[in-house]
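Thanks for coming. I have one model to go through today, and I will start with the contact between its chains.

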Amino acid sequence: MAERPTPPRATDKLTFLLSLVPYLIDQVRVTVTDAAEHFGISPEQMRKAVTLIAMSGTPGADGTYTHETLFDIDWDDFEQRDLIRFRAAPMDDKPRFSAREAAALLAGLQRVAALPDFAARVDVTALMAKLARGASSAPAPLAVRAGSVDAVHRQLGAAIAEGRRVRIDYVTTRGDRELREVDPIRLDGVDEAWYLRGWCLTREAERTFLLDRIASVELLGAADAHTSDADADELFRSSGADQRVTIALPVVGLPLIADYRGPDDAVRIEGDRALVTLAISHPGILGRIAARLAGGVEVLEPADARTAVAAWARAALDADSA
Amino acid sequence: MADSVRKVPVEERLFSLVLALLATEQGLTKAEILSTVTGYAARYEQGGDRASLERQFERDKEDLRDLGVPLETVDERGAEGDTKLQRYRIPPSRYQLPDDLEFSAEEYALLTLAAQVWREGSLSTDSRRALTKLQSLGLRIDDDVIGFAPTIRTRDAAYEPLSAAIDRGQQVSFDYLKPGQPSAERRLVSPLALVYHEGRWHLHAHDDRADAARTFLLRRIVSVVESTGSPATHRPGADEPVHVLAELEALWQSTIATVATRPGSEADVVLRNRPGTTDVDGRLAVHATDLDILADELAAFGADVRVIEPAAVRDAVRARWQSVVQAHG
């Protein structure tokens with residue numbers, strides 16, 4: 001298969017033009033500002049697109065473009081009043097979705113359909129059927145398990161909706177159990193995990209809590225209002241990961257430790273072994289990484305980390321045999 | 001004509017091509033398209049490299065098909081396969097959304113949220129384009145109904161090449177590190193569906209060496225996914241992904257390990273919060289789709305977890321701890 005020569009930008013722009021035309025025809029008369037806002041672009045970009053459309057058309061029977069076959073815009077309205085009005089158009093069809101576009105939305109729908117806000121208000125099955133009917137060919141084969149929502153999630157969702165403070169019983173990655181008072185800001189879902197972003201009154205700082213690690217939630221009185229400027233990516237930035245440890249693992253196992261690697265972690269390949277230096281917050285993490293590769297990981301340095309991970313595994317074996 | 005002195009942007013050439021092919025009933029031949037449509041015509045008139053112009057047209061056709069534009073080729077009667085006489089057209093009935101297809105404001109809001117599930121890769125590009133097309137309907141969203149969508153990442157390097165191979169009906173090969181195995185094996189497969197289950201992307205495929213259907217974890221595809229150059233031996237059935245998802249779900253329902261956790265420990269809290277877990281007299285029944293992966297996950301809890309049954313999982317967990325001890329002895 002040849003490399004795709006047209007940069008994606010051009011096909012995105014084409015999709016935009018093909019979607020813009022029927023919108024403008026349906027609106028009959030619309031200001032540049034309103035149309036730009038509807039498509040989420042700048043007025044200048046909208047003027048450029050409209051100008052392009054107004055100069056386009058179909059080659060007539062004799063193969064030339066004439067006034068009869070071009071889009072016919074009211075130039076006075078457009079140039080003097082910033083208004084878009086087409087008097088005639090060779091095309092006003094709304095484009096169908098491609099198989100892949102329909103599949104992307106369908107799979108996304110499977111994921112969000114279980115959200116409490118929508119489940120009751122939208123008939124998702126009917127909506128999915130509509131999407132499939134709006135595709136130009138059968139949607140690409142893609143499926144996603146419906147997201148699930150448990151009791152902790154529902155309670156935190158209610159607390160956010162009602163502006164309530166919560167007390168959570170939280171277990172840290174070190175295994176410490178802590179009661180924290182939190183003013184919840186929002187819930188973020190990434191893959192199978194949900195995160196609570198909130199103002200932690202116990203720490204007097206904004207913190208992220210993994211819902212998996214919350215044993216129970218108690219709703220308290222009214223919360224203070226907080227806004228967060230943290231983005232979702234920040235959830236993955238490890239805090240307090242200050243111990244640097246070098247591990248060796250089979251090269252083929254590298255993808256399996258992707259979750260533990262930071263963007264700056266060094267990797268050195270030696271034959272079929274990879275040496276990786278990671279920043280970790282405590283030695284318990286090492287056992288987790290070592291166990292993930294069916295035991296195929298070796299901690300190289302520092303020496304106390306080697307001792308710690310061996311002791312961790314020995315303790316597990318002892319407890320199991322007890 | 002202005003066309004001969006200015007460089008026509010790619011999107012304008014593609015837009016003009018769509019307009020021309022939508023307007024024609026009997027279709028246009030390649031020569032007619034190249035000699036009349038904006039973006040080709042000026043270069044055609046100048047003479048020059050006709051072959052490069054034709055290659056341009058071939059790539060443009062591919063781009064339109066990728067966008068879901070139903071580009072038809074009609075053979076001249078009695079001259080089947082003669083590309084000079086073939087005619088191209090876009091039948092409006094297959095191009096345009098069905099007239100009776102309407103979306104409510106709430107449905108539109110939900111679709112906008114569905115598109116937000118994808119933040120990277122082709123799924124994000126595809127859903128963004130779908131949203132642009134939805135905007136042609138002129139619907140408005142009530143701002144306060146939009147929330148935050150849970151996102152799904154497609155970080156596995158194998159995702160994009162597999163998705164493209166399914167789209168194009170190609171056979172592929174890759175090295176696969178089976179759960180619980182120490183080394184990878186070469187696989188030759190016809191990919192059928194991509195399915196996200198239990199936080200992991202799965203490839204459902206026909207294994208062309210074993211001549212049987214197999215499901216692979218994308219995370220464990222450890223080489224580059226290579227196209228073999230052959231067409232796929234099997235193509236996905238209409239309900240393939242739904243079917244595969246249901247099979248994984250059934251497997252997950254029926255695959256259970258019983259574990260004892262140290263009360264109050266991290267293992268105790270996390271495993272109790274794991275979807276599907278039930279408490280049976282203080283012991284936890286934990287669901288999984290693959291016992292080897294479950295063994296990895298359980299071993300990670302160290303001394304806070306003890307596997308009661310099945311024995312295979314208990315042994316697998318102990319073996320992981322033993323190899324950690326040996327590697328650091």
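How much area do chain B and chain A bury between them, and what share of it is on carbon and sulfur atoms? This is a predicted model, in which local features need pLDDT of at least 70 and side-chain atom pairs count only at pLDDT 80 or more, while totals for chains, interfaces and linings use all residues. Residues are numbered from 1 along each chain as its sequence is written, chains are lettered from A and ligands numbered from 1 in the order in which they are written, and side-chain values use heavy atoms, with hydrogens and water left out.

Now the answer. The two chains bury about 10700 Å², with 62% of it on carbon and sulfur atoms. Buried area here is the accessible area, taken with a 1.4 Å probe, that two parts lose on being put together, summed over both. On the chain B side, Phe15(B), Leu110(B) and His328(B) lose the most area to chain A, together 7% of what that side buries.

Counting contact as heavy atoms within 4.5 Å, chain B contributes 118 residues and chain A 109 residues.

Over all chains the count is 58. One of the bridges pairs Asp12(A) with Arg129(B), at 2.7 Å from N to O. Asp12(A) is in helix α1 (residues 8-27) of chain A and Arg129(B) is in helix α7 of chain B, so this pair joins two chains. Helices are DSSP runs of H or I with at least four residues, strands are runs of E with at least two, and both are numbered from the N terminus.

Residues meeting here include Trp312(A) and Leu317(A) from α10(A), and Trp321(B) and Val325(B) from α12(B). Asp320(A) and Arg314(B) also form a salt bridge through their side chains, at 3.4 Å from N to O.

Last, some backbone details. The peptide bond from Glu301(A) to Pro302(A) is cis, with omega near 0 degrees, and Pro302(A) sits in the loop between β14 (298-301) and α10 of chain A. In chain B, a cis peptide bond joins Glu309(B) and Pro310(B), with omega about -5 degrees; Pro310(B) is in the loop between β12 (305-309) and α12. Asp82(A) is not a glycine, but has a positive phi of about 60 degrees. Asp82(A) lies in the loop between α4 (75-81) and β3 (83-84) of chain A.

Technical notes:
Salt bridge = Lys/Arg side-chain N within 4 Å of Asp/Glu carboxyl O.
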